[in-house]
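User: Got a model here that I'd like to go through. Can you take me through a few local features and then the chain contact?

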Amino acid sequence: MNIWTAIAVTAVGCYAVKLAGLLVPVGALERPLVKRMAALLPVALLAALTAQQTFADGRTLVLDAKAAGLAAAAVALLLRAPFLLVIAAAVLVTAGVRAMAG
Amino acid sequence: MVRDALGVGVAVGLSGFAFGVTSAGSGLTVLQTCALSLLAFTGASQFALVGALAGGGSPLTASVGAVFLSMRNAFYGLRLSQLLALPRAVRPLAAHFVIDETTAVSLAQSGRRAVRIGFAVTGISLYLLWNLTTLLGALGAEAIGDTDTWGLDAAGPAVFLALLAPMVRTATERAVAAIAVLLGLGLLSVLPQGVPVLAAALAVPMVLYGVGRKASAPEADGPKPHSTDGTTSNSTQGKDR
């Protein structure tokens, strides 16, 4: 039951957050500074998420095979590979490095 | 463009498989795992929740952390509501699909029609695949064993990196990304889970303040022909600073 509570709170909370963004009055965004900030926010959040999911295990920093996988994805992106290939490169290189490391 | 949207949808949907396996491995039932994908539908938060529950966190702390992590979706909504210009009645439905990937695809389009198509195609294909693969992952969890062996834990960050790449073209955007990484990693051990990502958003005012200070010199990152931040289709945006 505890897990169901967590699922319910998460589902309701996440939906409310999403809806709030769509319902904020347009007038609040008319200022150029606000617009610039709103445009740059996804950059900051995605960068932080990428770094955390690659280099963090819970609350500690780690350097493991995922770093090699992400490097492969970065190379694929620089070579303008399609999206699927970028993800495949990350997964395959990560699995490969782990296999070799035993 | 529709192919781009489908590509993103398919690729990210597949990482739902990784979520299904991880969630089942964290002790959630198949029903609980699927409920989460159907109702929460925001990948990073879902991973955060099952991770926190598996780590012995209380249900409340775990879900607050997950909701914190989803705060960025509100900022995405701010951008999207301008670009999509949806009627009020449609917004509660559209809200469910306001996530990283739909935002990235929508912002990469120019023109309201293309933005709307990109949002809808990405949102629907991603939702279907995310939930289908969540189910398959949860069912196949025992069969596949340790997902990390297969490198599936690298799929999530690779998706984020691929979404981020077209957004960091100017010096300002790169500076924001770099500082956000430093904040996100540096504050990890200091702040509760989920909060460092929010703190990383502070990179934006920090960089804009820096840019403002040297604003007397012409800034190199004015409006671009193929801006991914969606400003091209917005005639009120421009040399207004």
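**Backbone and contacts**

Analyst: B:Phe41 sits in the loop between helix H2 (30-39) and helix H3 (43-54) of chain B. Helices (H or I, at least four residues) and strands (E, at least two) are DSSP runs, numbered from the N terminus. This is a predicted model, in which local features need pLDDT of at least 70, side-chain atom pairs count only at pLDDT 80 or more, and totals for chains, interfaces and linings use all residues. Residues are numbered from 1 along each chain as its sequence is written, and chains are lettered from A and ligands numbered from 1 in the order in which they are written.

User: What is phi at B:Phe41?

Analyst: Near 45°, which is a positive value in a residue other than glycine. Most residues other than glycine have a negative phi.

User: Is B:Phe41 buried or exposed?

Analyst: B:Phe41 counts as buried because it has 26 C-beta neighbours inside 10 Å. The cut-offs are 20 or more other C-beta atoms within 10 Å for buried, 12 or fewer for exposed, and partly exposed in between, with C-beta atoms placed from the backbone.

User: And B:Ala85, where is that?

Analyst: In the loop between helix H5 (72-84) and helix H6 (91-95) of chain B. Phi of B:Ala85 is also positive, near 45°. B:Ala85 has 11 C-beta neighbours inside 10 Å, so it counts as exposed.

User: Switching to chain A. Where is the kink in H2(A)?

Analyst: At A:Leu40, shortly before the proline A:Pro42, and it is about 30°. The bend at a residue is the angle between axes fitted to the seven residues ending there and the seven starting there.

User: What about the length of that helix?

Analyst: H2 of chain A (residues 32-55) has 24 residues and should span 34 Å at 1.5 Å a residue; its end C-alpha atoms are 35 Å apart, which agrees. The expected span is 1.5 Å times one less than the number of residues.

User: How many residues of H2(A) are buried?

Analyst: 20 of the 24, so H2(A) is largely enclosed by the rest of the structure.
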